Amino acid sequence: MLSSYFFKGSWVVQLIVGTGLFLCSFFLEYQVILSFLTPPLLALFLTITLELGKVSAIVWHYYLKRISSNEYPLAVRITSALFRMGLMLLSLLCSQLYLSYHLDRPNLEKVKNSELAMVRQNLKQRLDRLKTEFAQDKNLMVDRQEKEISTEAQQWDRRIKKLESLLLLEMDNVVNGVFKGPRYKELEKRLAKEKNTRQRVMGKLHKRHMEELAKLNTFFASRFQKAVEEARQQELKIENKDYAADERANDRRIVAFLKVVEEVFNYSLLPLQFVFLFSLLLSSLMEAGIVLAFSTITVALAPVFKVHHQEAVEKEALLARIIGEAKRDNVRHVAAIKKIYNAGKQAVQKAEVHFNEQCKDE
């Protein structure tokens with residue numbers, strides 16, 4: 001009695017374990033196939049078909065193997081083995097993909113966004129400093145240029161004003177009723193020359209000042225451009241960086257575990273390597289658990305299944321024989337009735353012929 005409860009309880013536990021692992025494997029495979037196939041109903045239908053095919057193939061393989069080799073030919077065994085191995089590899093790969101995707105550097109985007117934000121903040125601060133420096137240098141240059149223009153203009157204005165005063169005095173010098181004498185004309189000529197020279201010098205000075213401002217603008221523009229390009233290079237470097245060995249990007253539990261392993265066993269392992277091994281172990285245990293659960297249940301219940309199967313086959317065979325005999329009896333009965341009918345029909349025809357002949361004789 002206790003052994004019966006033990007075996008029944010073990011079968012129930014194995015069935016629960018196998019069903020649970022089957023549902024987990026089904027979910028993982030569906031999530032992966034859904035990312036490759038659309039619409040979702042197609043991915044769901046394909047996943048259901050493949051997973052049910054895997055379980056049914058495991059059950060029927062161990063059941064037919066238990067019955068006899070004659071009823072389970074080699075060609076079917078090979079096909080079943082390839083089918084089961086293919087489905088197990090597919091489930092293993094899907095589990096590996098799903099687990100690796102969720103365990104591989106879960107904080108990667110957060111770390112990248114943090115570093116990108118820092119680069120942009122540094123760029124903003126650097127540009128602000130350049131703007132302040134540019135404004136200060138420009139103000140200093142403008143002040144210097146204004147002073148230079150003012151000094152130069154005052155010098156020329158004094159010279160021109162002196163010539164104008166001399167010219168004005170010369171206007172009061174009238175000789176024989178004529179005040180525009182040679183001296184006046186010379187002063188007038190010198191005044192016009194000084195004014196032209198002043199205009200030319202001030203024009204050159206203004207041009208030089210504009211060139212200085214242009215050089216200053218170009219200099220700071222290049223510094224602005226360089227700062228932006230350096231920031232862009234840093235952003236590209238951050239985008240292309242894998243952060244495989246960066247503790248911030250990986251799960252803290254994995255990092256802590258690897259540190260313990262390194263300290264205890266003096267063996268270093270990258271987080272990505274641990275993720276691969278852990279995903280492989282977990283997915284392999286899931287698939288092995290499914291095979292073990294359904295195969296052991298099938299092997300344990302195979303004798304019962306075999307008896308029920310034989311009984312069902314014998315019942316179907318007996319029913320087929322009974323139906324066949326009934327159909328044969330029915331055919332014989334129909335043939336006999338048809339034979340009697342044909343005989344009676346022939347008798348009636350002969351009687352009619354005989355009757356007609358008598359009528360003609362009379």
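This is a predicted model: local features need pLDDT of at least 70, side-chain atom pairs count only at pLDDT 80 or more; totals for chains, interfaces and linings use all residues.
## A first look around the model

Residues are numbered from 1 along each chain as its sequence is written, and side-chain values use heavy atoms, with hydrogens and water left out.

Tyr 267 sits in the loop between helix H6 (252-265) and helix H7 (271-361). Helices here are DSSP runs (H or I, at least four residues), as are strands (E, at least two), numbered from the N terminus. Tyr 267 counts as exposed because its relative accessibility is 52%; buried means under 20% relative accessible area, exposed over 50%, and partly exposed in between (1.4 Å probe, protein chains only).

The loop between H6 and H7 also holds Asn 266. Its phi is near 55°, a positive value in a residue other than glycine. Asn 266 counts as exposed too, at 70% relative accessibility. Arg 105 has a positive phi as well, about 45°, and is not a glycine either. Arg 105 is in the loop between helix H3 (74-103) and H4, but this one is buried, with a relative accessible area of 18%. Then there is a cis peptide bond between Thr 38 and Pro 39, with omega about 5°; Pro 39 belongs to the loop between helix H1 (2-34) and H2. Why point these out? Most residues other than glycine have a negative phi, and most peptide bonds are trans.

### Charged pairs

How many salt bridges are there? The count comes to 14, taking a salt bridge as a side-chain nitrogen of Lys or Arg within 4 Å of a carboxyl oxygen of Asp or Glu. Here are three of them.

| Salt bridge | N to O distance |
|---|---|
| Glu 51 and Lys 54 | 3.1 Å |
| Glu 235 and Arg 120 | 3.5 Å |
| Arg 208 and Glu 212 | 3.1 Å |

Glu 51 and Lys 54 are about one helical turn apart because they are three residues apart in helix H2 (residues 40-67). Both Glu 51 and Lys 54 are buried.

The side chains of Glu 235 and Arg 120 also meet in a salt bridge. This pair links distant parts of the chain, 115 residues apart, with Glu 235 in helix H5 (residues 182-240) and Arg 120 in helix H4 (residues 108-171). Glu 235 is buried at 14% relative accessible area, while Arg 120 is partly exposed at 45%.

Arg 208 and Glu 212 both lie in H5, four residues apart, or about one turn of the helix. Salt bridges with shared partners join Arg 144, Glu 148, Arg 208 and Glu 212 into one network.

### Nonpolar cores

Now for the inside. The largest nonpolar core has twelve residues, including Leu 108, Val 111, Leu 116, Ala 227, Ile 238 and Tyr 243. A core is a set of buried Ala, Val, Leu, Ile, Met, Phe, Trp, Tyr and Cys residues joined through side-chain atoms within 4.5 Å. H4 and H5 are the elements that give two or more residues to this core, and H4 provides the largest share, seven residues. Leaving aside neighbours within four places in sequence, Leu 108 is in contact (heavy atoms within 4.5 Å) with Asp 242, Tyr 243 and Ala 249. A second, separate core has six residues, among them Phe 22, Val 55, Ile 58 and Val 291.

### Aromatic rings

The structure holds six aromatic pairs. Rings of Phe, Tyr and Trp (its six-membered ring) pair if their centres lie within 6.5 Å; planes under 30 degrees apart count as stacked, over 60 as edge-to-face and the rest as tilted. Phe 257 and Phe 274 make a tilted pair, because their planes are at 45°, with ring centres 5.3 Å apart. Phe 257 lies in H6 and Phe 274 in H7, so the pair ties together parts 17 residues apart in sequence. Phe 274 and Phe 278 are stacked, with planes at 15° and centres 6.0 Å apart. Elsewhere, Phe 134, Phe 219 and Phe 220 form one aromatic cluster.
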